[in-house]
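Morning, everyone. Please take a look at the structure on the screen, and keep the sequence beside it.

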Amino acid sequence: MSNEEDPVSADITVTSVEIPELTEEEQRDRLHLERRVERAFFEAGKALAELRDRRLYRSTHRTFEDYCRDRFGHSRQKSNYLIAAADVYENLTTICCQNLGIKDLTTNGSQILPTSEGQVRPMTKLEPQEQWQVWQAAVQQADGKVPTGRVVKDVIERILERIKAPNPYHLGEVCQILAKDNPELRGKGGCWCIVSHVGEFSCTVTMWDGEYTVRIDHLKPLNYLESECQQMQLISDRISRVYSSGLEESVQMFLEMLGKLNRAYLTDLEEKLLAVLEFEIKTK
């Protein structure tokens, strides 16, 4: 009711509602159901792994990729993410049981576990014990709550900076690109590149269509001899001089194919085709 003496203030009557406490059985049931929700991506990943490993898709589909697309509506990469995430979840629960002496995590409310694939995706390349350490640090950073994938990734990057492993690459070295989760390297996985700058935790590399700065974990050494590296530098320079986005699609595809060679030389036919392109570009 409004107070006529002070129209700004008001008296409000609120009916109290008693919220009953959960019984012990209800608390156990709640924790059990919560764990089932948390394990949803884990169960999906384990099921996909078995479907893939036993080739249970073979009666209707030629490849696992086709099967995943038609049956579940997602790519093979998404399936691989779920399978890898399930392995991480299993590692975390196993180590938790070992460290804390917990026999059944489905009835334990003290351990924070992942609830989605994206939260653990940054950890899939780590060793099991490293996964546990990163996850515990990420939970702490999230104030005891389930951390996001971004928080987990930040923790990993800080650990890498603290370790300060020396950059193993050197100028002129030929490496292979590992695209992983870097969107800037999409389509570049498996391509060769040449190191043009060496930083503390990254390298600048030259590819057929320009330069990229990548972390050292996105590179794989090809262990070419010095003479082979010099030969690849010459091939790289030749491709870069003729490559442009204005070329016909078929010509672009040929040059990009040269950027994915797994050998330090051109065949006679490749040499002739590249020479023709160089001549055409030069005479225009």
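Which residue in β2 is the bridge partner of cysteine 175? It is cysteine 193.

First, the ground rules. This is a predicted model, so local features need pLDDT of at least 70, side-chain atom pairs count only at pLDDT 80 or more, and totals for chains, interfaces and linings use all residues. Residues are numbered from 1 along each chain as its sequence is written, and side-chain values use heavy atoms, with hydrogens and water left out.

Now the overview. The protein chain has ten helices and five strands. Those are DSSP runs, numbered from the N terminus: helices are H or I with at least four residues, strands are E with at least two. The chain has 284 residues, and 34% of them count as buried. Buried means under 20% relative accessible area, exposed means over 50%, and partly exposed is in between, with a 1.4 Å probe and protein chains only. The chain exposes about 18,200 Å². Carbon and sulfur atoms supply 51% of that area. Accessible areas come from the Shrake-Rupley method with a 1.4 Å probe, and for residues only the protein chains shown count as cover.

Next, the sheet. It is open, with five strands in the order β4-β3-β2-β1-β5, and the pairing is antiparallel. β4 (210-215) and β5 (219-221) stand at the edges, each with a single partner strand, so one side of each has no neighbour in the sheet. From one strand to the next, the twist averages 45°. Angles run from 0 to 180 degrees between N-to-C directions, and axes are lines fitted to C-alpha atoms, for helices over the stretch in contact.

What holds strands of a sheet together? They pair through backbone hydrogen bonds, either parallel or antiparallel. Here, two strands pair if DSSP finds at least two bridges between them.

Let's walk across. β4 and β3 (residues 202-207) are joined by six bridges. In that pair, cysteine 203 has valine 214 of β4 as its bridge partner. A hairpin of two residues links β3 to β4. On to β2 and β3: four bridges join them, antiparallel. Isoleucine 194 has threonine 206 in β3 as its bridge partner. Threonine 206 also stands opposite glutamate 211 in β4. The hairpin from β2 to β3 runs through three residues.

Back to our opening pair. β1 and β2 run antiparallel, over three bridges.

Glutamine 231 sits in α8. Its relative accessible area is 35%, so glutamine 231 counts as partly exposed. Glutamine 231 and alanine 264 are 33 residues apart in sequence, yet 6.8 Å apart in space, C-alpha to C-alpha.

Now a different region. Histidine 61 is in the loop between α2 (40-53) and α3 (64-72). Buried or exposed? Histidine 61 counts as buried, at 18% relative accessibility. Its side chain makes a polar contact of 2.8 Å with the side chain of threonine 60. A polar contact is a pair of N or O atoms within 3.5 Å; within protein, one must be able to donate a hydrogen and the other to accept it, and residues adjacent in sequence count only if both atoms are side-chain atoms. A second one, of 2.9 Å, joins the side chains of histidine 61 and aspartate 70. Leaving aside neighbours within four places in sequence, histidine 61 is in contact (heavy atoms within 4.5 Å) with Asp66, Tyr67 and Asp70.

Last stop, α3. Phe64, Tyr67 and Cys68 are buried there. They cover an arc of only 95° around the axis, so they sit on the same side of α3. That arc is taken from the directions from the helix axis to the C-beta atoms. After α3 comes glycine 73, with a positive phi near 75°.

That's my tour. Thanks.
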